[in-house]
Amino acid sequence: MRLASWGRRLAALVVDGAILAGVVLATMLAAGLSLDEINDTIWNGSSLAVVALFVLPEAIYDTAMIGSRNQTLGKMALGIAVVDADGGGRIGYARAFRRWVSTSLLWALFTVPGVVDHLWPLRDARKQTLHDKLARSVVVRT
């Protein structure tokens, strides 16, 4: 297995973030919200609105894509995939969800743990993040 570089992983994360942001924005515009209402919802919305607009779509997207295909659209574009750390096979939906939850919890604990998690591959022999270690996965070149 050829491990994916940190740069490819970061680029895939940016692509996925742009895709999810586009979906959320398009959904809000399709619902008839003005740009002022969208801005107000993002910055001053209730916790439930933030969860419904941002957390839930990301959870579904990451879990469904990695659980079924080992890749999100961003990972496909960058030629990388998430696989089992030991055998190189699919990690399935449960471990894909565990991987998403663990990274989200690290970000939710404040910014520093999330940054440390995403910088971890720079010093790790297997280029794993902390959430990769918790899900027993690695990210490889395809």
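## Largest pocket and overall fold

The largest pocket is lined by 33 residues, and those nearest its centre are Leu13, Glu58, Asp62, Trp100 and Thr103. Two or more lining residues come from each of the elements α1 (6-30), α3 (47-69) and α5 (92-108). The biggest contribution is that of α1, with 10 residues. The volume of this pocket is about 800 Å³. The model is predicted.

The lining of the largest pocket divides by residue class as follows.

| Class | Lining residues |
|---|---|
| Nonpolar | 20 residues |
| Polar | 7 residues |

The protein chain contains 7 helices and 2 strands. Their order along the sequence is α-α-α-α-β-α-α-α-β. Along the principal axes, the C-alpha atoms occupy a box of roughly 50 × 30 × 25 Å. Of the 142 residues, 36% are buried. Among contacts with a separation of 6 or more, 64% join residues 24 or more positions apart.

Asn39 belongs to helix α2 (residues 35-44). Asn39 counts as partly exposed because its relative accessibility is 42%, between the limits of 20% for buried and 50% for exposed. The side chain of Asn39 forms a polar contact with the side chain of Trp43, at 2.9 Å. Arg123 lies 84 residues from Asn39 along the chain, and the C-alpha atoms of the two are separated by 38 Å.

Conventions:
Residues are numbered from 1 along each chain as its sequence is written. This is a predicted model: local features need pLDDT of at least 70, side-chain atom pairs count only at pLDDT 80 or more; totals for chains, interfaces and linings use all residues. Side-chain values use heavy atoms; hydrogens and water are left out. On a 1 Å grid over the protein atoms alone, a cavity is a set of points where a 1.4 Å probe fits but cannot get out, and a pocket is an open set with protein on both sides within 12 Å along at least five of seven lines; lining residues have an atom within 4 Å of a point. Grid points are joined across faces, edges and corners, and a volume is the space filled by probe spheres set on the points. Helices (H or I, at least four residues) and strands (E, at least two) are DSSP runs, numbered from the N terminus. Ala, Val, Leu, Ile, Met, Phe, Trp, Tyr, Cys and Pro count as nonpolar, Asp, Glu, Lys and Arg as charged, and the others, Gly among them, as polar. Buried means under 20% relative accessible area, exposed over 50%, partly exposed in between (1.4 Å probe, protein chains only). A polar contact is a pair of N or O atoms within 3.5 Å; within protein, one must be able to donate a hydrogen and the other to accept it, and residues adjacent in sequence count only if both atoms are side-chain atoms. Contact means heavy atoms within 4.5 Å.
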